[in-house]
Amino acid sequence: MRRVLSVVMAGSVALSAAACTNSKTMADQQAQKEENSSSNQSEAPYAAPDPDDLYKVAPAEDLYQPPKMYIPAPPYTPPKMAPSNFKYVPPEMIHPDMEIKTTDKHVVIELPDHILFDTDSAVLRKEAYPALAQIAKSLSKTENASFQIHGHTDHRGTHEHNLQLSQERADAVKKALVEKFSVNEALLSTKGWGETKPLVANDSPENMQKNRRVEVIVVPGV
(Lines give C-alpha, C1' and ligand atoms only; values in the text may rest on other atoms or scores of the structure.)
Protein backbone atom coordinates (compact mmCIF):
# COMPACT_ATOMS: atom_id res chain seq x y z
CA MET A 1 0.00 0.00 0.00
CA ARG A 2 2.82 2.35 0.89
CA ARG A 3 4.53 1.53 -2.39
CA VAL A 4 1.44 2.36 -4.41
CA LEU A 5 1.02 5.64 -2.57
CA SER A 6 4.66 6.59 -3.25
CA VAL A 7 4.24 5.92 -6.95
CA VAL A 8 1.10 8.02 -7.10
CA MET A 9 2.79 10.88 -5.29
CA ALA A 10 5.84 10.70 -7.53
CA GLY A 11 3.62 10.82 -10.59
CA SER A 12 1.78 13.87 -9.26
CA VAL A 13 5.06 15.70 -8.64
CA ALA A 14 6.24 14.88 -12.15
CA LEU A 15 3.02 16.13 -13.71
CA SER A 16 3.17 19.32 -11.64
CA ALA A 17 6.79 19.96 -12.72
CA ALA A 18 5.91 19.38 -16.36
CA ALA A 19 2.97 21.76 -16.13
CA CYS A 20 5.19 24.45 -14.63
CA THR A 21 7.79 23.92 -17.37
CA ASN A 22 5.16 24.18 -20.11
CA SER A 23 3.65 27.30 -18.51
CA LYS A 24 7.07 28.96 -18.30
CA THR A 25 7.84 28.07 -21.93
CA MET A 26 4.56 29.55 -23.14
CA ALA A 27 5.15 32.73 -21.11
CA ASP A 28 8.66 33.07 -22.56
CA GLN A 29 7.33 32.58 -26.08
CA GLN A 30 4.61 35.23 -25.54
CA ALA A 31 7.15 37.73 -24.14
CA GLN A 32 9.47 37.16 -27.11
CA LYS A 33 6.54 37.63 -29.51
CA GLU A 34 5.56 40.95 -27.87
CA GLU A 35 9.18 42.16 -27.92
CA ASN A 36 9.50 41.40 -31.63
CA SER A 37 6.22 43.17 -32.36
CA SER A 38 7.30 46.27 -30.43
CA SER A 39 10.67 46.29 -32.19
CA ASN A 40 9.05 46.10 -35.60
CA GLN A 41 6.73 49.01 -34.81
CA SER A 42 9.52 51.32 -33.52
CA GLU A 43 11.94 50.63 -36.36
CA ALA A 44 10.11 52.25 -39.25
CA PRO A 45 11.96 52.08 -42.56
CA TYR A 46 14.23 55.11 -43.22
CA ALA A 47 12.96 57.54 -45.82
CA ALA A 48 15.50 60.00 -47.23
CA PRO A 49 14.30 63.66 -47.25
CA ASP A 50 13.49 65.36 -50.50
CA PRO A 51 16.63 67.40 -51.38
CA ASP A 52 14.42 70.27 -52.55
CA ASP A 53 12.88 70.56 -49.08
CA LEU A 54 16.29 71.26 -47.55
CA TYR A 55 16.67 74.51 -49.47
CA LYS A 56 13.15 75.90 -49.50
CA VAL A 57 12.90 79.46 -48.15
CA ALA A 58 9.59 80.82 -46.92
CA PRO A 59 8.37 83.92 -48.76
CA ALA A 60 8.87 87.26 -47.02
CA GLU A 61 5.23 87.53 -46.00
CA ASP A 62 5.52 84.28 -44.01
CA LEU A 63 8.62 85.30 -42.10
CA TYR A 64 8.72 87.37 -38.93
CA GLN A 65 5.02 88.11 -38.49
CA PRO A 66 4.47 91.47 -36.75
CA PRO A 67 4.06 91.23 -32.95
CA LYS A 68 0.80 92.19 -31.29
CA MET A 69 2.22 95.60 -30.35
CA TYR A 70 2.42 96.61 -34.04
CA ILE A 71 -0.19 99.05 -35.34
CA PRO A 72 -1.63 99.82 -38.80
CA ALA A 73 0.38 102.31 -40.81
CA PRO A 74 -1.12 105.83 -40.90
CA PRO A 75 -2.89 107.20 -44.00
CA TYR A 76 -0.50 108.05 -46.81
CA THR A 77 -0.31 111.22 -48.92
CA PRO A 78 1.85 111.04 -52.10
CA PRO A 79 4.74 113.51 -52.52
CA LYS A 80 3.59 116.61 -54.40
CA MET A 81 6.38 116.42 -56.95
CA ALA A 82 6.17 112.68 -57.62
CA PRO A 83 5.54 111.65 -61.25
CA SER A 84 2.14 110.27 -62.17
CA ASN A 85 3.48 106.73 -62.64
CA PHE A 86 4.91 106.61 -59.10
CA LYS A 87 3.08 104.19 -56.83
CA TYR A 88 4.00 103.72 -53.18
CA VAL A 89 2.40 101.05 -51.03
CA PRO A 90 2.90 101.71 -47.28
CA PRO A 91 3.60 98.86 -44.87
CA GLU A 92 0.48 97.20 -43.51
CA MET A 93 1.74 97.20 -39.91
CA ILE A 94 4.49 99.19 -38.21
CA HIS A 95 6.24 99.36 -34.86
CA PRO A 96 4.58 102.07 -32.72
CA ASP A 97 7.87 104.02 -32.65
CA MET A 98 8.26 104.06 -36.44
CA GLU A 99 7.17 107.05 -38.48
CA ILE A 100 6.29 107.44 -42.15
CA LYS A 101 6.64 111.00 -43.42
CA THR A 102 5.97 112.54 -46.81
CA THR A 103 7.95 115.50 -48.13
CA ASP A 104 7.42 117.30 -51.41
CA LYS A 105 9.79 114.84 -53.14
CA HIS A 106 10.12 111.70 -51.01
CA VAL A 107 8.57 109.26 -48.60
CA VAL A 108 10.70 108.75 -45.48
CA ILE A 109 10.36 105.74 -43.20
CA GLU A 110 12.08 106.42 -39.87
CA LEU A 111 13.21 103.53 -37.68
CA PRO A 112 14.64 104.45 -34.26
CA ASP A 113 17.87 102.62 -33.57
CA HIS A 114 16.46 100.75 -30.54
CA ILE A 115 14.17 98.78 -32.87
CA LEU A 116 17.14 97.64 -34.96
CA PHE A 117 20.36 97.63 -32.94
CA ASP A 118 21.90 97.40 -29.51
CA THR A 119 23.96 100.36 -28.29
CA ASP A 120 27.03 101.08 -30.45
CA SER A 121 26.37 97.96 -32.56
CA ALA A 122 25.67 97.39 -36.24
CA VAL A 123 24.35 93.85 -35.72
CA LEU A 124 20.60 93.65 -36.24
CA ARG A 125 18.58 92.53 -33.24
CA LYS A 126 16.04 89.76 -33.73
CA GLU A 127 13.32 92.33 -32.98
CA ALA A 128 14.38 94.22 -36.12
CA TYR A 129 13.17 91.59 -38.55
CA PRO A 130 9.39 92.00 -38.22
CA ALA A 131 9.82 95.72 -39.00
CA LEU A 132 12.10 95.01 -41.94
CA ALA A 133 9.73 92.33 -43.24
CA GLN A 134 6.91 94.88 -43.37
CA ILE A 135 9.15 97.44 -45.09
CA ALA A 136 10.33 94.83 -47.60
CA LYS A 137 6.76 93.98 -48.59
CA SER A 138 6.10 97.70 -49.03
CA LEU A 139 9.17 98.31 -51.19
CA SER A 140 8.51 95.23 -53.32
CA LYS A 141 5.04 96.55 -54.21
CA THR A 142 6.21 100.12 -54.89
CA GLU A 143 6.53 101.11 -58.56
CA ASN A 144 8.84 103.57 -60.34
CA ALA A 145 11.05 104.31 -57.35
CA SER A 146 14.49 103.69 -55.88
CA PHE A 147 15.35 103.43 -52.19
CA GLN A 148 18.04 105.09 -50.12
CA ILE A 149 18.99 103.77 -46.69
CA HIS A 150 20.56 106.41 -44.42
CA GLY A 151 22.16 105.80 -41.04
CA HIS A 152 22.30 108.50 -38.34
CA THR A 153 23.79 108.77 -34.84
CA ASP A 154 23.69 111.30 -32.02
CA HIS A 155 26.64 113.61 -31.29
CA ARG A 156 28.47 111.39 -28.81
CA GLY A 157 31.74 109.80 -29.92
CA THR A 158 34.16 110.95 -32.57
CA HIS A 159 33.01 112.06 -35.98
CA GLU A 160 34.93 109.21 -37.61
CA HIS A 161 33.37 106.60 -35.34
CA ASN A 162 29.87 107.96 -35.91
CA LEU A 163 30.33 107.95 -39.67
CA GLN A 164 31.54 104.36 -39.62
CA LEU A 165 28.78 103.16 -37.28
CA SER A 166 26.02 104.86 -39.26
CA GLN A 167 27.36 103.45 -42.54
CA GLU A 168 27.61 99.93 -41.11
CA ARG A 169 24.05 100.15 -39.81
CA ALA A 170 22.71 101.29 -43.17
CA ASP A 171 24.61 98.45 -44.85
CA ALA A 172 23.20 95.92 -42.36
CA VAL A 173 19.63 97.00 -43.15
CA LYS A 174 20.29 96.76 -46.89
CA LYS A 175 21.83 93.30 -46.51
CA ALA A 176 18.80 92.03 -44.61
CA LEU A 177 16.33 93.49 -47.12
CA VAL A 178 18.18 91.85 -50.00
CA GLU A 179 19.19 88.51 -48.53
CA LYS A 180 16.26 87.73 -46.25
CA PHE A 181 13.40 89.48 -48.03
CA SER A 182 14.47 89.53 -51.69
CA VAL A 183 14.27 93.29 -52.29
CA ASN A 184 15.94 94.20 -55.58
CA GLU A 185 19.50 95.18 -54.65
CA ALA A 186 19.87 97.34 -57.75
CA LEU A 187 17.25 99.73 -56.33
CA LEU A 188 18.99 100.17 -52.97
CA SER A 189 21.80 102.51 -51.94
CA THR A 190 23.24 103.34 -48.50
CA LYS A 191 24.80 106.34 -46.81
CA GLY A 192 26.09 106.93 -43.30
CA TRP A 193 25.74 110.50 -42.07
CA GLY A 194 27.03 110.12 -38.54
CA GLU A 195 25.84 112.97 -36.31
CA THR A 196 25.67 115.56 -39.12
CA LYS A 197 21.89 115.47 -39.77
CA PRO A 198 20.07 115.54 -36.41
CA LEU A 199 16.30 115.80 -36.32
CA VAL A 200 16.44 117.78 -33.08
CA ALA A 201 19.12 119.28 -30.84
CA ASN A 202 21.17 116.71 -28.91
CA ASP A 203 20.33 118.39 -25.60
CA SER A 204 18.54 115.58 -23.76
CA PRO A 205 18.52 111.76 -23.68
CA GLU A 206 15.10 111.78 -25.37
CA ASN A 207 16.30 113.99 -28.22
CA MET A 208 19.49 112.01 -28.67
CA GLN A 209 17.36 108.89 -29.02
CA LYS A 210 15.33 110.57 -31.77
CA ASN A 211 18.51 111.34 -33.69
CA ARG A 212 19.78 107.75 -33.56
CA ARG A 213 17.87 106.25 -36.44
CA VAL A 214 17.86 104.60 -39.85
CA GLU A 215 15.80 106.14 -42.62
CA VAL A 216 14.50 104.28 -45.66
CA ILE A 217 13.82 106.99 -48.25
CA VAL A 218 11.54 106.19 -51.17
CA VAL A 219 12.64 108.29 -54.15
CA PRO A 220 10.12 108.55 -57.01
CA GLY A 221 11.61 107.84 -60.43
CA VAL A 222 14.25 105.18 -61.08
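These legends go with close-up views of a predicted model.

**View 1. Strand 7, a covered stretch of chain.** Here we look at residues 213–220, which make up strand 7. This strand is mostly covered, with eight of its eight residues buried. Arg213, Glu215, Ile217 and Val219 point one way from the strand. Val214, Val216, Val218 and Pro220 point the other way, and they are buried too.

**View 2. Strand 4 alongside strand 7.** Strand 4 covers residues 107–112 and runs antiparallel to strand 7. Six bridges join the two. To find your way around, pick out Leu111: its bridge partner in strand 7 is Val214. Val214 is one of the buried residues from View 1.

**View 3. Strand 5 alongside strand 7.** Now for another partner of strand 7: strand 5, made of residues 145–152. This pair is antiparallel as well, and eight bridges hold the place between them. A handy landmark is Ser146, which stands opposite Val219 in strand 7. Val219 points the same way from strand 7 as Arg213, Glu215 and Ile217.

View 4. Rolling a probe the size of a water molecule over the atoms shows where empty space is left. The structure holds one cavity of 30 Å³ or more, and about 30 Å³ of space lies in the largest cavity.

Notes. Residues numbered from 1 in each chain as written. Predicted model: local features only at pLDDT ≥ 70, side-chain atom pairs only at ≥ 80, totals over all residues. Heavy atoms only, no water. 1 Å grid on protein atoms, 1.4 Å probe; cavity = no way out; pocket = protein on both sides within 12 Å on 5 of 7 lines; lining within 4 Å. Points joined across faces, edges and corners; volume = space filled by probe spheres on them. Buried < 20%, exposed > 50% of the residue type's maximum accessible area, 1.4 Å probe, protein only. Helix = DSSP H or I, 4+ residues; strand = E, 2+ residues; numbered from the N terminus. Pairing = 2+ DSSP bridges.
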